[in-house]
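Here's a quick briefing on the pockets in this one. Have a look at the structure, then read on.

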Amino acid sequence: MIVADPQTRLAMFGDMVRVRRFEERCAELYTETKIRGFLHLYIGEEAVAVGVLHHLGPDDAVVGTYREHGHALVRGVPANSIMAEMFGRYEGCSRGRGGSMHLFDAATRFYGGNAIVGGGLPLAVGLALADKMQGRSNVTACFFGEGAMAEGEFHESMNLAALWDLPVLFVCENNLYAMGTALERSESVTDMALKAAGYAMPSWAVDGMDLDAVWDAAGHAVQAIRAGGGPQFLEMRTYRFRAHSMFDPERYRDKAEVTGWKERDPIETMRERLAAGGVLDDEAMTSIESAATAEVDEAVAFADAGTLEPVEQLTRWVTSEPEEAQP
Amino acid sequence: MTDDGQVTYREAMRAALGDALREDDRVFLMGEDVGMYGGTFAVTLGLIEEFGPERVRDAPLSESGFVGAGIGAALGGMRPVVEVMTVNFALLALDQIVNTAASLLHMSGGQFNVPIVIRMTTGAGRQLAAQHSHSFEGWFAHIPGIRVLAPATVEDARWMLGPALDDPDPVIIVEHGTLYGAKGDPGTGPVDIDRAAIRRPGSDLTLITYGGTLPTTMAAADRLAEEGIDAEVVDLRTLRPLDDATFCESVARTHRAVVIDEGWRSGSLAAEISARITEQIFYELDAPVGRVCSAEVPMPYAAHLEAAATPTVEGIVAASKQVVGRDG
């Protein structure tokens, strides 16, 4: 296994902490009714977004799911604009039109925020097709849950990407539950990497709770895509520590199972490993924590101070308004 | 092209696609059988020879996948023209069209527009039964965020694609299957996709229609003329957004209207047009707005039943006589 240099490992560790603190605050804000709608937290799965996205450059594209706060943050979408979006503010990254499930950001080529399970996969195929047809060497990273693998669009997208040899990195975040339906109750083949291999696509199963393992696997896959190896598939075996959404009473899994996975917390695992290796000392840890807290505090203040778009503007952006300056 | 300058609707569409491919490197065609086969309706015949398999791209039978890929390619800077064989099959891509293409601009707060053109055939008349013959364009016309074009003439078939590709937002083009062989003057373009067209002026009533039922409606207008009823025919051309101004202005002059729509009556485009006339110029009306729609059955195969299920000249004549008070 190739391990990142200490600086990169520290930066990635810091990103996992940022995502965790951001989302913990989101849960509180939801309880305070500052955030409404559906809120799907990524807590427990941070290593996946962090380990994959650290291999991408600014010209690459990212397609996320509805559980995408972590992807957006790590991709570089400002925390302020993400939080403002969740508050329904005009200063939000989608101008308050999207909310938690529909974060979008053109500046970082972040294409959602897609809440139709599986719906983002064809989009990723098309972004990669555009890159290939225009001779660009970009990669499109497409995140989706294992629930999406039961959808027809998964099959269609895998087939198209492999058939046309497109530069897509498919990242299945297998957290074992499609909402409340366990993997073995929804899929005839529960080995997702094996399923992907059926499309003549190089595929690997990865321990999604281990940041170093994710980074290593994603590195190989991205390198293979950039070298013209066509689409690659990573099954990230991970787990969400929280319920599916804030509405979920979580009757479908027992506490012992959740506790067992929490013992494999990717942040704790990495913290101990970095500390043992002398990469992370107490001072650095304090600095990472306080930076994350400050970033989240600022985001909340920014969102709180944000404005509500005048209702007169309700029908904006149904169709393009080319002459109108983007706000 | 024949000696008199006439071409078929199919040839007009093909010429438009050829122009688009020639003029803009970002344009490419993608769909089922568009390449090697030459298009199910022979619209794209020969284009693969000129432009190659990258730009005239055969897609597997995966409507949601390749329509979605077209949306992604549009986001990535291309100008895809995606062909779905029939509007029935487009239902397999309905999620991508509605939940992504039509919603993305709004959902992203104006950041991501989707300049895709999606072509499909629609309509009955070829004994293809229920899974190849329906008219779902009214469903697409229901959706904010997309434009729906229904070229009914050879000239519109020739010249609507250009402005459709210039539109920064998703455009659906529905081509009625019975029109491909129709001949006409292709004109010299351009055409205005924002405006309905008056295809025949008249003073006694207004017949409002679009696409495949335009020829039927024109024939009905001829029949009515023989009986001394002077019908104006309005071709909607664009089903979303509707050009209310043109058809309301016409009805305000004739004071009577019949809407002809191959969709089913319940919840139809005809219902919407009728409602708009009532809302906007009720006091100009001398009779209730009439409607001639398809019978509310899945389309039958048997020719006589299919004909009975869809708008006919006789049906339009009868409805017209009723609104002008000559039904006895």
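**Pocket briefing**

In the second largest pocket, the lining residues split into 8 nonpolar, 1 polar and 7 charged (Ala, Val, Leu, Ile, Met, Phe, Trp, Tyr, Cys and Pro count as nonpolar, Asp, Glu, Lys and Arg as charged, and the others, Gly among them, as polar). Bear in mind that this is a predicted model, where local features need pLDDT of at least 70, side-chain atom pairs count only at pLDDT 80 or more, and totals for chains, interfaces and linings use all residues. Residues are numbered from 1 along each chain as its sequence is written, chains are lettered from A in the order in which they are written, and side-chain values use heavy atoms, with hydrogens and water left out.

**Second largest pocket**
- Its volume comes to about 290 Å³ (the space filled by probe spheres set on grid points, which are joined across faces, edges and corners).
- A pocket here is an open set of points on a 1 Å grid over the protein atoms alone, where a 1.4 Å probe fits, with protein on both sides within 12 Å along at least five of seven lines; lining residues have an atom within 4 Å of a point.
- Of its 16 lining residues, Ala20(B), Glu23(B), Gly162(B), Leu165(B) and Asp166(B) are the closest to the centre.
- H9(B) gives the most to this lining, with 5 residues (helices are DSSP runs of H or I, at least four residues, and strands are runs of E, at least two, numbered from the N terminus).

**Largest pocket**
- This one has a volume of about 340 Å³.
- Its lining has 26 residues, with Tyr66(A), Val117(A), Gly145(A), Gly147(A) and Ala148(A) nearest the centre.
- E3(A) gives the most to the lining of the largest pocket, at 3 residues.
- By class, that lining has 11 nonpolar, 10 polar and 5 charged residues.
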